[in-house]
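Hi everyone, thanks for coming. I'd like to walk you through one structure today, so please have a look at it first.

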Amino acid sequence: MNDVFITKASTYLPNDPVSNDEMESYLGLVNDTPSKARALILRNNQIKTRYYALDKNSQPTHTNAQITARAVEGLFDENFTKDDIQLLSCGTTSADQIQPSHASMVHGELNVGKSIEINTSTGLCNSGMNAFNYGFLSVKAGVRDNAVCVGSERFSAWMTADKFNHEAENLKLLEERPIIAFKREFLRWMLSDGAGALLLENKPRENSISLKVEFIDFYSYAHEIEACMYSGCEKQEDGSLKSWADYPSDEWLKQSLFALKQDTKLLDQYILVKGAESLRASFDKHKLDPEKIDHVLAHISSGYFKNGLKEEFAKKGMDFPWEKWYYNLSEVGNIGAGSIFIALEELMNSGKLKKGEKVLLCVPESGRFAYSCALLTVC
């Protein structure tokens, strides 16, 4: 089995950063009415700027495939060109279409002059880590000498006002308040666009930072907990999900079936507790000493969870001091499957890493509560 190293990382964030006050200029006003929930949600999530692949007329400027391809292109240099790619593994929540696969579309955007292996991982935040794991295992097993792994999102196009106006108008006809349900609006003020790419190779690069991948672990709690974050369906009273395909087509817009929705009560109840439980399982499995961890990169959807996550980890005997944590949520927003890649790229290029240091990655997924973690060694 080969050792596997992250030898380069790259990020692509579309257009200029968007401030909190500008958000509705890009996303639009639902039912021509400013949101009453926006200020509260932004105060809790502590996000100051984010990126949208939109202009101020809510028109798209990039597809997800284009954002992803731009991140991949940032990996190319004299040591690694686009014609050197052996495997392209892409993870996203927000593919541009149901079919063809996201990785197929990215391969086409890259204009690589040969056939390569591709893999698409879908889902929510862990889809990026799933894509990373596919590349990691392929290089480790010697099936490929290199793999390009990408996490990306283009959520903004899902959040424009026109996607919700039918629901608001339907409520107005019923003489209810013409606003969209909080479980749908909540995520309009949370999500951002962008992509992060990692180059994995079977040997480190000389005279530059490389990170040896020690392990990647995954945990799912779907056997215990119902869905918390979902799209393309509606949640029933018994907790089951009814697919968009089982609704009449005239209900698709009225109920915003394709909008991302979040059950915030379930989120508060489980997201931190299960995250600490899964990380403790990995520390026990690999016999890790928390004091030997030098950098902690934990993807969080909102600053609301920052202190709570540290406390839950500490309850499980993993009390990482604040100086070891690395966050960029307030500057780039929640980019779902791409967030951990983008944070890692920033850390790799920050000048803070030293040979022999240990970097811990932690990613929660609130879809039905799945978690991943990885350990990297600086070399």
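Let me start with a term: buried means under 20% relative accessible area, exposed means over 50%, and partly exposed is in between, using a 1.4 Å probe and protein chains only. What we have here is a predicted model, where local features need pLDDT of at least 70, side-chain atom pairs count only at pLDDT 80 or more, and totals for chains, interfaces and linings use all residues. Residues are numbered from 1 along each chain as its sequence is written, and side-chain values use heavy atoms, with hydrogens and water left out.

Now, salt bridges. I call it a salt bridge when a side-chain nitrogen of Lys or Arg sits within 4 Å of a carboxyl oxygen of Asp or Glu. Searching the whole structure gives 19 of them. Take Glu226 and Lys235, whose side chains meet at 2.8 Å, N to O. Is Lys235 buried or exposed? Lys235 counts as buried because its relative accessibility is 14%, while Glu226, at 30%, counts as partly exposed.

Another pair is Lys310 with Asp319, with the closest N and O atoms 3.2 Å apart; Lys310 is buried as well, at 15%. Then there is Glu201 with Arg205, at 3.6 Å between the closest N and O atoms. Both of these residues are buried, and they belong to a salt-bridge network that also links Lys8 and Asp77.

On to the backbone. Helices (H or I, at least four residues) and strands (E, at least two) are DSSP runs, numbered from the N terminus. In the loop between β4 (87–92) and α4 (102–110) you'll find Pro100, and the peptide bond joining Gln99 to Pro100 is cis, with omega about -5 degrees.

Asn15 is partly exposed, since its relative accessibility is 35%. Asn31, in the loop between α1 (23–27) and α2 (38–45), also has a positive phi near 60 degrees, but Asn31 counts as buried because its relative accessibility is 17%.
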